[in-house]
Structures are given as C-alpha cells and as structure tokens.
Amino acid sequence: MVAGAFPVVKLMSLLTKQISKPIANAIKSGAKQNAFFRKYFCELPGQGFHRLETNVKMKLMGHVGPSEVKPLNEQVAVNLAAEMLGEGFLFAVGVGTLLFEYRRSAKKEEGKEAEQNRKLDELESKISELGIVIEHQAAEMRELNRLLQSFRGSENKNIPKKS
C-alpha cells in the first residue's frame, strides 16, 4: 500500500479546523461570563475598535473635523470584542494550518530536489567514467593501429620483390 495514497495530513488539518469552531465559541462565551476578562479583554478593546471603526468611516465619507464617538453600552462592546476574539482564534488556527501545509510541501519539494540532484550527480559520474573508458579504448585502438602498421611494414620487407 502506498503511504501517500491516504491524505492523513489533510484530514488532520480539516479536523483541526472543525474542532477550532467550537473552541472559538467556548472562548466567546467564556469571555462574556468572566468579569475580569470581560472588563479588560472585551469591553476596552470593543470600545477601542468601535472608536477606530467610526473614525475610519467618517474619514472615508469625507468628514474632516474632530468627531466625538459615543461609546457603546457594555454588553454590545463585550459582544463585539468576544466576537473579534473568536474570529481571531479561527484566523490563527487557519494561519497555523496554512503555515504547516506550506512547510510540509516545502520539505517534500526539498526531498524531491535532493533526489534529483543525487541522480544528476550519479549521471555525471557515469558520464565521466564513460569518458575515461572511451579515452582508454582510443589509446588501445591507436596502439593496435601502430602494431598493425608495424606488422604490415615488416611483412612488406620480408616479401621479395619480383623483377
């Protein structure tokens, strides 16, 4: 059985994404229920995000002067920040999964490239060996030609000429 036939890694990343959604919902509900967390990690960032969003919208609509942004009530600010926190968790899981997949595929490509380089080195070595063999055979052929020429030359000397 081929090891790469069943995409275990992709199945695990899909499972991680599916598990992260209930975890994000638990983070949201936990943020809303814990008083300390709600006050310092939800209400203040929720109000800050609301101010930032309102100011950006006003600038985009062309409003130039200083604008006083009315703060949200506590429950709406907590809900906004808890929602942002949950979405931030989902985003972090998505980015983590993406980075994991990228590193895995890069490692796989490095392995393929290393194998290809090994094969190229092997081929270059064989070509070099063949070049040496060809040079050796060429030298042997020259030697045989020289011997043949000397043999023919000595044969011609021993044959009496007819007059």
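Buried means under 20% relative accessible area, exposed means over 50%, and partly exposed is in between (1.4 Å probe, protein chains only). With that in hand, select Glu-135: at 58% relative accessibility, this residue counts as exposed.

Before moving on, please note that this is a predicted model, where local features need pLDDT of at least 70 and side-chain atom pairs count only at pLDDT 80 or more, while totals for chains, interfaces and linings use all residues. Residues are numbered from 1 along each chain as its sequence is written, and side-chain values use heavy atoms, with hydrogens and water left out.

**Stop 1: around Glu-135**

Glu-135 sits in helix α3; helices here are DSSP runs (H or I, at least four residues), numbered from the N terminus.

**Stop 2: helix α1**

Select residues 8-33. The expected span of a helix is 1.5 Å times one less than its number of residues. For the 26 residues of α1 that gives 38 Å, and the end C-alpha atoms are 38 Å apart, which agrees. Which residues of α1 are buried? They are Ser-13, Ser-20, Ala-24, Lys-28 and Ala-31.

Next, colour Val-8, Met-12, Leu-15, Ile-19 and Ile-23, which make a nonpolar surface patch of about 430 Å². Such a patch is made of residues with over 30% relative accessible area and no salt bridge, with nonpolar side chains (Val, Leu, Ile, Met, Phe, Trp, Tyr) joined within 5 Å. Areas come from the Shrake-Rupley method with a 1.4 Å probe. Val-8 counts as partly exposed because its relative accessibility is 45%.

**Stop 3: Lys-28 and its partner**

Stay in helix α1 and pick Lys-28. At 12% relative accessibility, Lys-28 counts as buried. Not counting residues up to four places away in sequence, Lys-28 touches Ala-82, Glu-83, Gly-86 and Glu-87, where contact means heavy atoms within 4.5 Å.

Show the side chains of Glu-83 and Lys-28: they meet in a salt bridge (3.0 Å, N to O). Glu-83 lies in helix α3 and Lys-28 in helix α1, so the pair ties together parts that are 55 residues apart in sequence. A salt bridge is a side-chain nitrogen of Lys or Arg within 4 Å of a carboxyl oxygen of Asp or Glu, and a search of the whole structure finds nine of them.

**Stop 4: the largest nonpolar core**

Select Ala-31, Cys-42, Val-78, Ala-81 and Ala-82, the five residues of the largest nonpolar core. Helix α3 (residues 74-158) gives the largest share of this core, three residues. A core like this is a set of buried Ala, Val, Leu, Ile, Met, Phe, Trp, Tyr and Cys residues joined through side-chain atoms within 4.5 Å.

**Stop 5: helix α2**

Move to His-50 in helix α2 (residues 35-60). Is this residue buried or exposed? His-50 is buried, with a relative accessible area of 16%. Its contacts, leaving aside neighbours within four places in sequence, are Val-69, Lys-70, Leu-72 and Leu-80.

Then find Glu-74 and Arg-38, which form a salt bridge with their closest N and O atoms 3.6 Å apart. This pair links Glu-74 in helix α3 with Arg-38 in helix α2, 36 residues apart.

Finish with Arg-118 and Glu-122, whose side chains meet in a salt bridge (3.0 Å, N to O). Being four residues apart in helix α3, Arg-118 and Glu-122 are separated by about one helical turn.

Definitions and conventions: Helix = DSSP H or I, 4+ residues; strand = E, 2+ residues; numbered from the N terminus. Patch = residues over 30% accessible without salt bridge, like charges linked within 9 Å, V, L, I, M, F, W, Y side chains within 5 Å.
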